[in-house]
Amino acid sequence: MGVFTADTGHEQVVFCQDKQSGLKAVIAIYSTALGPGLGGTRFYPYATEEEALHDVLELSRGMAYKNALAGLDLGGGKAIIWGDPVRDKSEALLRAYGRFVESLNGRYYTACDVGTYVQDMDIIAKETKYVTGRSVEHGGAGDSSILTAWGVFQGMRAAAEHRWGTPSLAGRTVGVAGLGKVGKYLVRHLIEDGASVVATDPYEPALEWVRATYPQVEVVADTLTLITSPLDVYAPCALGGALNDDTVPVLTAKVVVGAANNQLAHPGIEKLLSDNGVLYAPDYLVNSGGVIQVADEIQGFNFDRAKARATRIYDTTKQILALADTESISPAAAADHLAERRMADCGRLRTILLP
């Protein structure tokens, strides 16, 4: 199935290839109604081109909604580089990719994602000015995982207040799946708030890190063990599709708030969560702290300003959960409605000609 026959609604999808460096990339722009598309570059060894295309289309659509809900004047875009970042990443490949980003003339701003880091953005920036998430040494915002985790924590506080009447995780048991860029910061916030943490990660060094840094964290073998353990909150912080027909029925947690993108494996999962009494805070709402951080870089980065904006994820989450109750719809549908309304209302203003 091609991009058009799938009726994805995207404005632009660009396939990029540089044979000499080995670059194979796709840049997808879902919407520029609110401004240039902003979203990270994922460097990942997809099994097939179809899988890679599906991921970038889903992720770029999610970025449009994420940026809209975060109150940013930015549209939704995303990119993937198809390959193994450990084996295939090189300066030449990253600079070739930067040339393709530059060729879009500002319709897309890139940043870090799975498999890419601030050092990579510094290299990409040698070929394009449309890059964020750069290192502090090069005038950037640095690691966007810091405010991503902070925003997820704020969304979790709001969900806890909605479910249990208090905006605190103290005394609650939180299961964190994924101790990578975001998960490790989230664990710290949870422990400082008085939560008990159970965690897992397929990468043994990540488990060694959490055992050494936070010995009070209970480490379990895998995600299935985690989600069937007695939990109050489940925080999926790895790759997408964590909430599916197999995992939702066995969830013990009654609240799901996590950093992973595209947590719902397919339409209908949000209803299954609701039917099972699980409160789900939409992923693209609560994990928007990172994009808030890198977006602030465009105008000259100020950490305090970006953190203050990311802290407001708490208020937006409360608003969406309340709207879902009032309208008798899922939180995912409520978040979609708010994002679509902002894209329509503010995007319409671009039809007013300015000199």
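Reply: This is a predicted model.

Me: Which residue forms an aromatic pair with Tyr130, and where do the two partners lie?

Reply: The rings of the pair are 5.4 Å apart from centre to centre, with 85 degrees between their planes, which makes the arrangement edge-to-face. Tyr130 belongs to the loop between α4 (118-124) and α5 (145-164), and its partner to strand β6 (residues 108-109), so that distant parts of the chain, 21 residues apart, are linked. The partner is Tyr109.

Me: Is Tyr109 buried or exposed?

Reply: A residue counts as buried under 20% relative accessible area. Tyr109 has a relative accessibility of 15%, and it is therefore classed as buried.

Me: Is the pair of Phe301 and Phe303 stacked, tilted or edge-to-face?

Reply: The ring centres of Phe301 and Phe303 are 6.3 Å apart, and the planes meet at 75 degrees. Planes over 60 degrees apart count as edge-to-face. The pair of Phe301 and Phe303 is therefore edge-to-face.

Me: Over which ring does the charged end of Lys181 sit?

Reply: A charge counts as sitting over a ring if, among other conditions, it is within 6 Å of the ring centre. The charged end of Lys181 is 4.3 Å from the centre of the ring in question, which belongs to Tyr117.

Me: Why is helix α6 described as largely enclosed, and what covers its buried residues?

Reply: Helix α6 (residues 183-192) has 10 residues, and seven of them are buried, so the rest of the structure largely encloses this helix. Among the buried residues are Tyr185, Leu186 and His189. The cover includes α5, β7 (173-177), β8 (196-200) and β10 (233-236).

Me: Where is Leu354, and which residues form a nonpolar surface patch with it?

Reply: Leu354 is placed in the segment after α14 (331-347). With a relative accessibility of 68%, Leu354 is exposed, because the limit for that class is over 50%. The patch has about 320 Å² of accessible area in total, and the residues that form it with Leu354 are Leu349 and Ile352.

Technical notes. Residues are numbered from 1 along each chain as its sequence is written. This is a predicted model: local features need pLDDT of at least 70, side-chain atom pairs count only at pLDDT 80 or more; totals for chains, interfaces and linings use all residues. Side-chain values use heavy atoms; hydrogens and water are left out. Patches are made of residues with over 30% relative accessible area and no salt bridge: like charges are joined within 9 Å, nonpolar side chains (Val, Leu, Ile, Met, Phe, Trp, Tyr) within 5 Å. Accessible areas come from the Shrake-Rupley method with a 1.4 Å probe; for residues, only the protein chains shown count as cover. A salt bridge is a side-chain nitrogen of Lys or Arg within 4 Å of a carboxyl oxygen of Asp or Glu. Helices (H or I, at least four residues) and strands (E, at least two) are DSSP runs, numbered from the N terminus. Buried means under 20% relative accessible area, exposed over 50%, partly exposed in between (1.4 Å probe, protein chains only). Rings of Phe, Tyr and Trp (its six-membered ring) pair if their centres lie within 6.5 Å; planes under 30 degrees apart count as stacked, over 60 as edge-to-face and the rest as tilted. A charge sits over a ring if NZ of Lys or CZ of Arg is within 6 Å of the ring centre and within 35 degrees of the ring normal. Contact means heavy atoms within 4.5 Å.
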